[in-house]
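Hi,

Here is the structure I promised to pass on. Please open it alongside this note, and then read on for what turned up.

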Amino acid sequence: MQLISGNRTLDLSTPQVMGILNVTPDSFSDGGQFQFFEHAINQASQMVQQGAAIIDIGGESTRPGAEPVSLDEELSRTIPVIEKIANDLDVWISIDTSKAQVMKEAVAAGAHLINDVCALQEEGALEVAAQCKVPVCLMHMQGAPRSMQVSPSYEDVAKDITRFFMQRISACREAGIDKSQIILDPGFGFGKTLDHNYQLLQRLKQFSELGYPLLTGLSRKSMFGDWLGRTVEQRLAASLAGVLLCAQQGANIVRVHDVQETSDVLKVLKKTIES
Ligand code: 7PJ
């Protein structure tokens with residue numbers, strides 16, 4: 001299995017690491033725009049050295065309850081960072097957005113992949129993604145970020161998500177997106193209770209058997225914090241356990257904050273499989 005974007009190929013015969021780069025400058029009120037930009041580039045560069053094959057750049061927080069960000073604000077946070085990384089680093093760039101205009105400008109600036117937690121359901125997103133001709137990650141979410149954790153409910157969480165994937169894959173195909181450009185993600189933490197998240201983790205193999213590249217994002221999420229009583233900073237061990245459980249069930253891309261540690265886990269798994 002592989003992904004192709006322009007003249008780049010990403011081999012998915014073993015799982016690849018997607019490093020998370022949040023460009024939400026809330027914590028940079030003192031240092032200003034320049035310091036924020038420098039920090040983002042340094043972080044990206046470090047993640048590449050640590051083994052990230054993809055850098056996922058997001059300018060809007062999709063945490064439960066987060067406030068939406070304006071189009072101009074999202075563009076001004078993400079586009080300069082994408083241009084700089086595309087110019088300086090040999091790595092796949094993913095744009096984490098749901099807005100059609102951001103997708104379009106990000107790909108023009110050098111992004112190779114669109115990662116959309118709304119699975120191309122926002123206005124114009126399907127059409128723009130088709131025009132961009134880059135791989136797209138369709139993530140499942142029940143509800144909207146502000147309210148999704150209020151009372152998630154499913155008949156059968158894995159079956160319901162599979163049905164959603166089939167609907168979104170059809171919509172993509174009709175819009176002219178090639179089958180080979182579609183990545184699926186069950187969306188851990190997005191409109192799911194603790195039990196839903198663990199049921200998904202237990203049954204992840206079902207999703208990898210659908211025949212599309214599978215991406216999972218569990219890094220530092222509440223499914224660990226709530227179960228273990230750990231703060232965000234204390235969730236590394238649990239997140240690495242999550243990576244291993246996903247990789248062993250066929251996940252092709254793991255979206256993580258801790259790239260070095262994740263790369264080590266995946267190298268141990270690879271060595272074991274090859275021995
Ligand atoms: C995910 C994401 C995920 C994909 C976020 C967080 C919340 N994109 N963006 N999958 N999560 N594809 O990292 O805690 O799970 S933002």
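In which helix is Ala86 found? Helix α2, which covers residues 71-88. Keep in mind that this is a predicted model.

Is Ala86 buried or exposed, or something in between? Its relative accessibility is 34%, so Ala86 counts as partly exposed. Setting aside neighbours within four places in sequence, Ala86 contacts Ile93, Ala109 and Gly110. Glu209 is another matter: 123 residues separate it from Ala86 in sequence, and the C-alpha atoms are 33 Å apart in space.

Next, helix α4. This helix spans residues 125-132 and is mostly covered, with six of its eight residues buried. Those are Ala125, Leu126, Val128, Ala129, Ala130 and Cys132. What covers them? The cover includes α3 (100-109), β6 (113-116), β7 and α5. Just after α4 comes Lys133, with a positive phi of about 55 degrees.

Then look at His140. It sits in the loop between β7 (136-139) and α5 (157-175). Why does His140 count as buried? Because its relative accessibility is 5%, and the cut-off for buried is under 20%. The His140 side chain also makes a polar contact with the side chain of Lys192, at 2.8 Å. Beyond residues up to four places away in sequence, His140 touches several others. Among them are Tyr154, Ile161, Phe164, Phe165 and Asp185. Pro186, Gly187, Phe190 and Lys192 are on the list too.

Over to you.

Best wishes

Note on methods:
Residues numbered from 1 in each chain as written. Predicted model: local features only at pLDDT ≥ 70, side-chain atom pairs only at ≥ 80, totals over all residues. Heavy atoms only, no water. Helix = DSSP H or I, 4+ residues; strand = E, 2+ residues; numbered from the N terminus. Buried < 20%, exposed > 50% of the residue type's maximum accessible area, 1.4 Å probe, protein only. Contact = heavy atoms within 4.5 Å. Polar contact = N/O pair within 3.5 Å; in protein donor to acceptor, adjacent residues only side chain to side chain.
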